[in-house]
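Reader: I would like a close look at a single part of this model. Please take me through it step by step.

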Amino acid sequence: MIQKGLEGVKICESSICYLDGINGRLYYRGIPVEELAEKSTFEETAYFLWYGKLPTKSELEEFKRKMADYRELPAEALGILYHLPKNLHYIDVLKIFLSIHGSMDGNDEDLREKAIRVASVFPTILAYYYRYSKGKELIRPRKDLSHVENFYYMMFGERNEKIRLLESAFILLMEQDINASTFAALVIASTLSDLYSCIVGALGALKGPLHGGASEKVPPMLEEIGSEDRVEEFVQKCLKEKRKIMGFGHRVYKTYDPRAVFLKRVLQEHFPDSKLFRIASKLEEYIVSNKIKNIYPNVDLYSSVLFEELGFPRNMFTALFATARVVGWTAHVIEYVSDNKLIRPTSEYVGPMDVEYIPIERRDENG
Ligand SMILES: CC(C)(COP(=O)(O)OP(=O)(O)OC[C@H]1O[C@@H](n2cnc3c(N)ncnc32)[C@H](O)[C@@H]1OP(=O)(O)O)[C@@H](O)C(=O)NCCC(=O)NCCS
């Protein structure tokens, strides 16, 4: 039997994430994601996903110190920065630096330590490249700031009182069961390749517009719509042209994505006058109330508006997603390889058989 797109196929047991797509519920190790987004921090949720338990106060302090210690890039890797073209996509920048970092990271087999190191360095790579490509002086990581605060500070050289909103978004984006990028990571892990290769593969999968790349397509789409009164016309045009509406639809959620619900509430409270937000809300209202293709907004619709309002460049949105999701990818890799089985599906061959091999000089140029 062929299961196109592996829809509904379970490839392993896992105790990391439970996603109930019918009722629109998402849990990390049994805790509703909204509760973590409201009450927890990036570091605490990452610890929870990696270690399988909430940290005590002292465990969390030590863990935060460790993440802060891992923020700086090795000098040799940093040297590469100044040789890069200035118009790269941030996902590609991550792939370049992680490939170098990975080769320099030794062969010790403690995957969790490696995961902590790699997640800690993501913001540094993005902020360094951002400032280098804009001709601005680099800002070194600060150990006295939290993971997310430090990221914002390294990007923009200042603190932001709305930083908690970014932290909540990162918590919501941190984990999502065996989605396409996590699966890509697991396929690579299952060959017993190294953790960095798993992440580089996952980054490539995340970049596509049907997955995390949708977040970068949402703001231009909302601008194309232009105003709330043009939503209906836009949707009808998309349906006619069989064009996908970015930030809507999901393989598993067949109702509201709880992360989209959470982020919409955040935007309503903090950026009610945002033009993009108002168009996005109207789009949601029109699509859901008219049962268009039975799709609902997904996390990218509202996370992209939040990233935009917080001042991040659009071609960094997928990389922001990755900055959070690297925790989920690595948590799954660690869990999967503890009971490893090479992932190797097969296909139903439908091509011809016993085809004659015609020597090149006898082949007809015209067909
Ligand atoms: C995420 C996504 C790939 C899931 O797709 P899937 O489970 O493979 O479902 P399909 O793409 O087969 O969609 C099923 C039907 O709904 C339609 N549909 C799904 N998402 C749609 C969207 N965003 N806009 C318009 N139509 C959509 C499809 O065209 C298809 O219609 P059809 O049966 O008449 O051909 C899909 O919803 C999509 O492309 N969304 C837009 C990109 C996006 O926001 N991605 C981020 C996901 S978190």
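Predicted model: local features only at pLDDT ≥ 70, side-chain atom pairs only at ≥ 80, totals over all residues.

In which helix does Ser 120 lie?

Author: Ser 120 lies in helix H6, which runs over residues 111–133. Its relative accessibility is 0%. Buried means under 20%, so Ser 120 counts as buried. Leaving aside neighbours within four places in sequence, Ser 120 is in contact with Met 67, Tyr 70, Arg 71 and His 147.

Now the core. The largest nonpolar core has 117 residues. Leu 98, Leu 222, Leu 283, Phe 312 and Met 316 have the most contacts inside it. H6 supplies the largest share of this core, with 13 residues.

Take Leu 283 next. Not counting residues up to four places away in sequence, Leu 283 touches Met 221, Leu 222, Ile 225, Val 231, Phe 234, Val 235, Ile 245 and Phe 248. Two of these names lead on to the ligand. Ile 245 and Phe 248 are among the residues that come nearest to it, along with Gly 247, Arg 251 and Lys 293.

The ligand has 16 residues around it. By class, this shell holds 7 nonpolar, 5 polar and 4 charged residues.

Then the polar pairs. A backbone N or O atom of Ile 245 sits 2.7 Å from a ligand nitrogen atom. In the side chain of Lys 293, an N or O atom is 2.5 Å from an oxygen atom of the ligand. Asn 298 places a polar side-chain atom 3.0 Å from a ligand oxygen atom. On its own, the ligand has 840 Å² of accessible area, and the protein covers 68% of that.

Terms used
Residues numbered from 1 in each chain as written. Heavy atoms only, no water. Near = heavy atom within 4 Å. Polar contact = N/O pair within 3.5 Å; in protein donor to acceptor, adjacent residues only side chain to side chain. Areas by Shrake-Rupley, 256 points an atom, 1.4 Å probe, with all protein chains shown as cover. Nonpolar A, V, L, I, M, F, W, Y, C, P; charged D, E, K, R; others polar. Helix = DSSP H or I, 4+ residues; strand = E, 2+ residues; numbered from the N terminus. Buried < 20%, exposed > 50% of the residue type's maximum accessible area, 1.4 Å probe, protein only. Contact = heavy atoms within 4.5 Å. Core = buried A, V, L, I, M, F, W, Y, C linked by side-chain atoms within 4.5 Å.
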